Amino acid sequence: RTWRASPVPVSRLPSSAARSSSSSGTLLHRKKDNREARSIGRTRYTKPGTGPAGSRTRALHNRPEAQVFGVLDKLVLARNSGWQVMAQVSLGEFLASDDAEAYRCVNSKRVDFALMDPDCRVAHALEYQGKGHHQGTAAARHAVKKEALRKAGIGYHEVVAGHTTTADLKRLVEKLVPAAG
């Protein structure tokens, strides 16, 4: 099976999201259309019952993932403002295959974090390995993701809860993201 990377559609990019940090400096806040920023680490569900069939929004990440995202996002932007950290990205958005069956195998699988270059191409995928991560069929799902990413020439890196420090993330970002210049 042949895999190739495809660009993330510009329509998928956040348009007016601004980044800021909380007083503790560990959680990510988003501010949109000058509305009050809300911590995704503290707000599990918002506006219950306001959507179709009582649907509601919820945090994209759990608290530890949100903390990693906040640190990773700051490090990447400080290194090169042309690069972006994308969260919970479906492999089908940035991988393509001429083999329809192969594409179906990865289309709905997601990576926790994707590092996107200034040309809107995903260059690296990062997976957060938290508590309880290796349950059920997780190993098989990760093997499929790793192989598809490898064949497309996209780097795969793991961030392990309790082992990966901020200094480790900084070294990884310095290795993966070219300095602005």
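Author: Let us begin with pairing: two strands pair if DSSP finds at least two bridges between them. Strands (E, at least two residues) and helices (H or I, at least four residues) are DSSP runs, numbered from the N terminus. This is a predicted model, where local features need pLDDT of at least 70 and side-chain atom pairs count only at pLDDT 80 or more, while totals for chains, interfaces and linings use all residues. Residues are numbered from 1 along each chain as its sequence is written, and side-chain values use heavy atoms, with hydrogens and water left out.

Reader: Thanks! What makes β7 and β9 a pair?
Author: DSSP has to find at least two bridges, and 6 bridges join β7 to β9, so the two strands count as paired. They run antiparallel, and Ser90 stands opposite Arg110 in β9.

Reader: Why is Ser90 called buried?
Author: Buried means under 20% relative accessible area, exposed over 50%, and partly exposed in between (1.4 Å probe, protein chains only). Ser90 has a relative accessible area of 10%, and therefore it is buried. Ser90 lies in strand β7, residues 84-90.

Reader: How do you know that the side chain of Ser90 makes a polar contact with the backbone oxygen of Asn107?
Author: A polar contact is a pair of N or O atoms within 3.5 Å; within protein, one must be able to donate a hydrogen and the other to accept it, and residues adjacent in sequence count only if both atoms are side-chain atoms. The side chain of Ser90 reaches that oxygen at 2.4 Å, so the distance falls within the limit.

Reader: And which strand joins β9 on from there?
Author: That is β10 (residues 122-129), antiparallel to β9 and joined to it by 4 bridges.

Reader: What makes Trp83 buried?
Author: Its relative accessible area is 7%, so Trp83 falls under the 20% limit. Trp83 sits in the loop between α1 (63-79) and β7. Not counting residues up to four places away in sequence, Trp83 is in contact (heavy atoms within 4.5 Å) with residues including Leu115, His124 and Pro178. The C-alpha atoms of Trp83 and Pro178 are separated by 9.1 Å, although the two residues are 95 apart along the chain.
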